[in-house]
Amino acid sequence: MSDQMPSEKPRTQRATWADLPHSVQAWVEEELGDAVVGAESQSGGFSLGTADRLVTRTGRRAFLKAVDANLHPQTADLHRQEGRITASFPSNTPTPAVLATRDFSGADGTAWVALLLEDIEGRHPEYPWRREELAAVFRALESMSQVPVDPSLNLPAIEADLTEELIFWHKLARGVTLEHLVYVQATDSYQQLVQLLPLINQKAAEFAAFVDKHLVAHLAGSSYVHTDLRGDNILIRLTGEAVLIDWPWATVGNPHYDVASVATDALIADPSLSLTEVRELVPASGRPPLEFLKANVVALAGYYLYASMQKPSDSTNSSLVSMRAHRASALLTRLARGEK
């Protein structure tokens, strides 16, 4: 296979093992000590690089993430960061092991970044969430909160890194119109968002103040924080244990934020589930205040709404637009029912 991609045009869907340059494939097989005979592309996630579960002739398994750094430089940087962070975690943490990482550059100007990880024998959590799987994730987060942060990583503080995204209600308070929803017109959530516009415009300032008081003011801490934890960034082993994957956005701060993110994901997946029911599944020693959890629901409703109003990036899967619109609609519908 040539080291050149079949097409110079930017992709709109994920690349696969077959699309990789020969140099990347050869490196993977050298690292695994055998030829790759099976590659299963994964549907979760939103980057346009590969996400393949690989198997060799001898049955060894691994998970590969690789991306064209010329076409998608931001994703390439995220792969580098994910490899650096994940490799620093102790072996007993609920995270995958890093097998190898590498940057490739060709004489013809091609450039790829590859990250080879342990292939976790398991699956993403069921949707709607099963309570025992939620409890397993919360136990994994409790364990992760006890891991000392490696200072050599120089990770940002969560309050400095994430606050801007959590206070989008301040921007939304300037007013949201039909014209702002142009990028989600083709999604299944568009009409629901249109119907929610009165709530959005009437409550935006109140929501902004609530988030400032009960979430943003309590982000500081000294633990690892994933900051992007949803079902597609979690795997459930056959034993029922949870594994937390995809760590490029890691920060240092209050571990309650990851708990709140998973709780909010569960609420999106199951409109009949209450926040109080989810909170009771969290180990008592790591259970966030209810107001903190409520404020995260409000904040993420604003985040997903604001993000769905922005022009989509050429480096992300087209399904990201629909995902953001759906999640905004689900959370805003809860707020409309008075479940702030």
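Ser105 has Ala111, in β5, as its bridge partner. The strands involved, β4 (residues 98–105) and β5 (residues 111–117), run antiparallel and share seven bridges; strands are DSSP runs of E of at least two residues, helices are runs of H or I of at least four, both numbered from the N terminus, and two strands count as paired if DSSP finds at least two bridges between them. Five residues sit between the strands of this hairpin, where Gly109 adopts a positive phi near 95 degrees. All of this comes from a predicted model, in which local features need pLDDT of at least 70 and side-chain atom pairs count only at pLDDT 80 or more, while totals for chains, interfaces and linings use all residues. Residues are numbered from 1 along each chain as its sequence is written, and side-chain values use heavy atoms, with hydrogens and water left out.

Turning to the inside, the largest nonpolar core holds 81 residues, and Trp169 and Leu332 touch the most other members. Such a core is a set of buried Ala, Val, Leu, Ile, Met, Phe, Trp, Tyr and Cys residues joined through side-chain atoms within 4.5 Å, with buried meaning under 20% relative accessible area, exposed over 50% and partly exposed in between (1.4 Å probe, protein chains only). A second, separate core has 16 residues, among them Trp112 and Ala114.

Then there is Ser285, in the loop between α9 (275–279) and α10 (290–308). Ser285 counts as exposed because its relative accessibility is 63%.
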